[in-house]
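Have a look at the structure first, then work through the points below.

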Amino acid sequence: MARRPVFQEVTETTPRATPPQGGMIDQGHRGARGAIRAWLVVLFVLVVTMIALGGATRLTGSGLSITEWKPVTGAIPPMDQAAWAAEFDKYQRIPQFRLENPDMDLAGFKQIYWWEWSHRLLGRLIGLVWAAGFLVFLATRRIPTGWTPRLLLLGGLGGLQGAIGWWMVHSGLSGDMVRVASYRLATHLGLAFAILGLIAWYALSLSRPEAALLRARRAGEAKLFSMTTGLMHLAFVQILIGALVAGIDAGRMYTGWPRMGGEWIPSALWDATLGWRNFFENPALVQFVHRMVAYLLAIFAVVVFLRGRRSPHPVTRGAYAAMIAAVAVQVFLGIMNVIHASPLPLALAHQLGAVALFTLILRARHHARYPYETSVRGTIR
C-alpha cells in the first residue's frame, strides 16, 4: 500500500472506520415499543374510567338493574316501550325491587338501567380495544420478543373480569339480598386494580429500550424496591377492604373522625351471631379495620418515602415525592368521606384517589428497580 504524505487532505474517498455494532440485545426483535405503549395507555385510561363508572353504578344502586348476562346481544338497550316494560318486569322480580324500591316506576328504573348498561358497554369496549390492538400487532409481527404472553395475559384477565362481574351481580338476584355480596365486589374491584397495575407496569417498561432497562437494573436499589413492593401489597389489601366497606355501605353508618359515631372503639365491633362473617357483614368492624389499615399504610408510606429521599437518582426521588403527596390527598379524602357520610362526589374522588396512589406506588417501585441513569450533564432518558 502506497504511503500517504503527512499533510495530504482527507477526501470523501478515504475509507471510513466501520461503526461499532450493538450487542445481541440490540440485534433482537425490538418491535413497536412506542406504539404498543400508546395502546396500553389508552387501555389504562379506559380501565380507570371503568373503575370510576363502576363506583358510580354501585353508589347509585344501579348494579342489579340488568338481571341477565348477554355478552353480545346485551350491548343493545331496549328500543321501544314494550322492550322497556319487559326489562322492568325482570327487575321487579328480584329482592332489591321488593325490599328497597317497591315504589319505583319505569322512569326511575330507566335512570338506574343506564348506569349499569353504560358500565357493561364500557367493559365490551375495553375488550374490543384490547383484541383489535393485539391482533394488529400480532399480525404485523411488531410485538417485541417475550411480550406476547404478557399482552395475552391482559386479555385473559379481562375475560375473567367479565365472568366475575356476572358472578358478583348474580349474588344479588335471589334470597333477601338488596345488593351484591361484598366479598364478590371486593374480588371484582381487586382484579380491576390488578389489571390496571399490570398495564401501568408494562407501559413503564416499554418507555425505554430493553437494553437500557438491563443497564438500569444493575443500578437498581434492592432495599427500596423491596420496601415499595411491601407498600404496594398493603395498598392493594386496603383497596380490597375499601370494597368491603362500600359493599355494605359501612362508610355511611359510622361518621365522624377520629372517633366512630362518638366512640373510639365502636360497641358493635363484634356480633356473636355473625361469627367470622363479622369481617364481611358487620359495618362497625369493617370500617374500623379500614381505618386502622389506613393509619398503618400512611405510616409505612412515610417510612418508604424517607428511604426514597436518599436515592442518588433525582427521578426516583421525584417519584417518591409524588407518591407521598398522593398519600396525603387520599388520607384527606378518606376523612372527608367519613365525616360527610360518603356523598357520591366525595366517594368517587376517594376511589379515583386510590387509583392515583396505587399507580404512583407502582411508578416509584419501577424507578427503584430501573432508575434513570445520571451523569454530570443530568438525567439520561
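**Helix packing at a glance**

In this predicted model, the axes of helix α9 (residues 222–247) and helix α13 (residues 344–369) come within 9 Å and cross at roughly 165°. Angles over 145 degrees count as roughly antiparallel, so α9 and α13 are roughly antiparallel to each other.

**More on α9 and α13**

- The crossing of these helices, α9 and α13, is left-handed.
- On the α9 side, the contact includes Leu224, Phe225, Met232, Phe236 and Ile239, and on the α13 side it includes Phe358, Ile361, Leu362, Arg365 and Arg369.
- Sorted by class, the α9 and α13 contact has 13 nonpolar, two polar and two charged residues.

**α6 and α7**

- Helix α6 (residues 148–170) and helix α7 (residues 182–205) have axes that come within 10 Å and cross at roughly 165°.
- α6 and α7 are therefore roughly antiparallel to each other, and their crossing is left-handed.
- Among the residues that meet are Arg150, Leu157, Gln161 and Trp167 in α6, and Tyr183, Arg184, His188 and Tyr202 in α7.
- The contact of α6 with α7 has 15 nonpolar, five polar and two charged residues.

**Annotated spans**

- An unreviewed UniProt entry lists several stretches under "transmembrane region", including residues 151–169, 181–204, 224–248, 318–339 and 345–362.
- Residues 181–204 are 96% helix and 0% strand, with end C-alpha atoms 35 Å apart.
- Residues 318–339 are 100% helix and 0% strand, and their end C-alpha atoms lie 32 Å apart.

Note on methods. Residues are numbered from 1 along each chain as its sequence is written. This is a predicted model: local features need pLDDT of at least 70, side-chain atom pairs count only at pLDDT 80 or more; totals for chains, interfaces and linings use all residues. Side-chain values use heavy atoms; hydrogens and water are left out. Axes are lines fitted to C-alpha atoms, for helices over the stretch in contact, and angles run from 0 to 180 degrees between N-to-C directions. Helices (H or I, at least four residues) and strands (E, at least two) are DSSP runs, numbered from the N terminus. Angles under 35 degrees count as roughly parallel, over 145 as roughly antiparallel, 65 to 115 as roughly perpendicular and the rest as oblique. A crossing is left-handed if the near helix is turned anticlockwise from the far one by less than a right angle, and right-handed if clockwise. Contact means heavy atoms within 4.5 Å. Ala, Val, Leu, Ile, Met, Phe, Trp, Tyr, Cys and Pro count as nonpolar, Asp, Glu, Lys and Arg as charged, and the others, Gly among them, as polar. UniProt positions are given in the numbering used here, feature names are shortened, and annotations may be inferred rather than shown by experiment.
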